[in-house]
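Please read these notes with the model open beside you. They go through the points one at a time.

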There are 2 protein chains.
Amino acid sequence: MALVVQKFGGTSVGDAERIRAVADHVARTRRQGQDVVVVVSAMGKTTDELLRLASDVSGTRPPRELDMLLTSGERVSMALLCMALADLGVDAVSFTGSQAGIITDSAHTRAKILEVRGDRLREALAEGRVPVVAGFQGVSADRDVTTLGRGGSDTTAVALAAALEAESCEIYTDVTGVFTADPRIVPKARRLGRVSFEEMLEISASGGRVLVLRSVEFARNHHVPLHVRSSFTWEPGTWVVEEDESMEQAVVTAVTHDTSEAKITVTGVPDRPGLAARLFRTLADRSVNVDMIVQNTSHEGTTDISFTVPRVDLDTSVQLAGALATEIGAGEVLADAGIAKVSLVGAGMRSHPGISATMFETLADEGINIEMISTSSIRITCVVRADLVEQAVQALHTAFGLDGT
Amino acid sequence: MALVVQKFGGTSVGDAERIRAVADHVARTRRQGQDVVVVVSAMGKTTDELLRLASDVSGTRPPRELDMLLTSGERVSMALLCMALADLGVDAVSFTGSQAGIITDSAHTRAKILEVRGDRLREALAEGRVPVVAGFQGVSADRDVTTLGRGGSDTTAVALAAALEAESCEIYTDVTGVFTADPRIVPKARRLGRVSFEEMLEISASGGRVLVLRSVEFARNHHVPLHVRSSFTWEPGTWVVEEDESMEQAVVTAVTHDTSEAKITVTGVPDRPGLAARLFRTLADRSVNVDMIVQNTSHEGTTDISFTVPRVDLDTSVQLAGALATEIGAGEVLADAGIAKVSLVGAGMRSHPGISATMFETLADEGINIEMISTSSIRITCVVRADLVEQAVQALHTAFGLDGT
């Protein structure tokens, strides 16, 4: 029988009524003749509440114990979902990450999946049961409970779909799919029927919030078709699949934006090999996730280096950069929390020159200044003032013919 | 190094402040040169809240999933306690029932401990760490999560103390020990310094609420000294130990009472062998826990049988007894929810005749009618009207010289 993995996020199992609605849908899928493995997140804001409790109790919060704490959340949602399924006559059985055989490394709070054993899931499926698996969690070789970090439940779902050779992995969420832009900013944004893994990676990396980058990478590497859809309307959503020749290649597939970053510029960096490496090694050692990096051709023996970091890491980053600047005889360190990124993503860019020119012209026509530019083969990103980013998204969405009717 | 097991109940870890207070105490115990294994319950009313959530979601609530749900509670408290201990520089590490090697049978929601492996606890102790273990939970041979039922955390603590050969098991609660009577009813009740296992068994069985019968039985069978004490005042409490010659044997150690039962009388039961057996087998098959049973000598070929059952099982029991009475040609089935039990417990009763006479006289002087009587070698129990039971407890406490100053 064809197998599908269905993953339900926190809002999809937010209360008793939502859990019963999810159970209805799983039961319906079974009646349509499919085997189902379910992956659930913790209910609603449970994880945030547990983190607040931890802050109330402790200043140190050892990561191993944080993982023990947070993994209580999925136990609740998966047990309740199994109960709701039992009410509908569906024989469901819950499994923790450990019981499901999700083996990870020992990096607590951000563990990586090393292996999916899944024997108990295969047994349950063979017995005609529906396994309901805790997302976000696994077990290390030391038999300690681990969590996979942000977006971990999506990663669990994709990893199980790969290990169990599911036909697809359905990611249920509170939106109806992946859109050409954020519909809250662009009312005429359209839902995409299909996007390629490569486009989805760029969309996720440049601010699209529906899927976490890591789960898309995992799906691409393991050839797992994803179907992003709503657990409120249950309508078909967006398929994320391998790129193929027959796929219509829109020049631009989506306009994304990201307001979570800040910009740092180090001026007057002496033009000697290895200085940039020292700067970014220092930041990496403190787990600062540097995103865009722009360095201009040097001028009179010095150059300016600009880069963006998550805004929450701005103070730390300025401090580290400042210390290094003094040490190497660079100039000032300038911090700017008022920026945002706007990006165009589209596999068609590869074969259509001139996209960037149109993008820059569109922004210029709106009077929006571009502060940094970076590109990949299927993406162009510009840094602009944060208070102009919505205007930028709207203008680009129209300019590239993405507006729906 | 001497090892002590310290168990903290739900009120003892009820909020962030309480958890930090418990951490302080554990750290203090360590500084005094003792190894410590901690056992915790879920915080405050967590278990009740989870049960309510389950009722909101489902009518069936399969026991396996109930156990998965409820075991989330201890994960939270044990992880938080480990964090609080880390703040104090104590290297603590949490273990689920499964990780601690608490192997149970497969009777979900009321599992029995079959074996305590405890290898990971021994390793942690050898490394100078404080293991913090989830009470109330274990794992079956099928690798499913189980719970131990009411009072399960006490049982976990005692089982660990036995397996790890601890010097004692400290049960921390919201009262300062075991009293000669319920202090809410008898203000002059005194805290007992020591009681024997046998007395404690009778106290627990006859209405004393501090320790659950099952954990006392386990402690007696495995020779684990218990120390019942307060997690609010931290003062020394009541030791529950082996009876020894040197122990001062008060004639009466405590007066207990129990208002949770109801009485059923089946009149005119034909005096034939096997009828009482059929009655109580029928009740046992429906898991009704029959407590006192009184049958008088038969009179003119029939007899009356009276017994007490938990009040929640009264309707079921009357129905079952009624059907059987019709079948065997007995008389009426009378139900009475207005009764209570009052008991005297004391190891000294064995060598002091006349205690029951004094008890009956005391009750008679108070104008309290005795409806049923049952005795063991160290306990006498009378059934009286429920609205007179507090008066009975007070009078007996005074009559047997238990009043403190």
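**Notes on the predicted model**

1. Three bridges join strand S15 (residues 293-295) of chain B to S16(B), and the two run antiparallel. Strands here are DSSP runs (E, at least two residues) and helices are DSSP runs (H or I, at least four residues), numbered from the N terminus; two strands pair if DSSP finds at least two bridges between them. Within this pair, Ile293(B) has Phe307(B) of S16(B) as its bridge partner. S15(B) and S16(B) form a hairpin with six residues between them. In the turn, Glu300(B) has a positive phi of about 55 degrees.

2. This is a predicted model, in which local features need pLDDT of at least 70 and side-chain atom pairs count only at pLDDT 80 or more, while totals for chains, interfaces and linings use all residues. Residues are numbered from 1 along each chain as its sequence is written, and chains are lettered from A and ligands numbered from 1 in the order in which they are written. The average pLDDT (the predictor's confidence in each residue, from 0 to 100) of chain A is 93, and 99% of its residues score at least 70. For the complex, the predictor gives an ipTM of 0.85 and a pTM of 0.88. Where pLDDT is low, predicted coordinates should not be read in detail.

3. S16(B) also pairs with another strand. Strand S14 (residues 261-270) of chain B and strand S16 (residues 302-310) of chain B are antiparallel, with eight bridges between them.

4. In chain A, eight strands form an open sheet with mixed pairing, in the order S3-S6-S2-S1-S9-S11-S12-S10. Strand S3 (92-95) and strand S10 (194-196) of chain A are its edges, since each pairs on one side only. S10(A) pairs in the parallel sense with strand S12 (residues 238-241) of chain A, over three bridges. There, Ser196(A) has Val241(A) as its bridge partner.

5. Which residues have a positive phi although they are not glycines? Most residues other than glycine have a negative phi. Phe136(A) has a positive phi of about 80 degrees and lies in the loop between strand S6 (130-134) and strand S7 (137-140) of chain A. Trp234(B) has a positive phi of about 65 degrees; its place is the loop between strand S11 (226-230) and strand S12 (238-241) of chain B. A residue is buried if 20 or more other C-beta atoms, placed from the backbone, lie within 10 Å of its own, exposed if 12 or fewer, and partly exposed in between. Phe136(A) is buried because 28 other C-beta atoms lie within 10 Å. Trp234(B) counts as partly exposed because it has 14 C-beta neighbours inside 10 Å.

6. The contact between the chains takes 31 residues from chain B and 31 residues from chain A (two residues are in contact if their C-beta atoms, placed from the backbone, lie within 7 Å). On the side of chain B that touches chain A, the largest share, 11 residues, comes from H4(B).

7. How are the two copies related? Chain B can be laid on chain A with an RMSD of 0.3 Å, by a turn of 179 degrees and a shift of 0.0 Å along the axis. The copies are therefore related as by a two-fold rotation axis. The superposition is by least squares on the C-alpha atoms of residues with pLDDT of at least 70 in both copies. Of the residues of chain B, Ser72(B) comes closest to the axis, at 2.1 Å (C-alpha).
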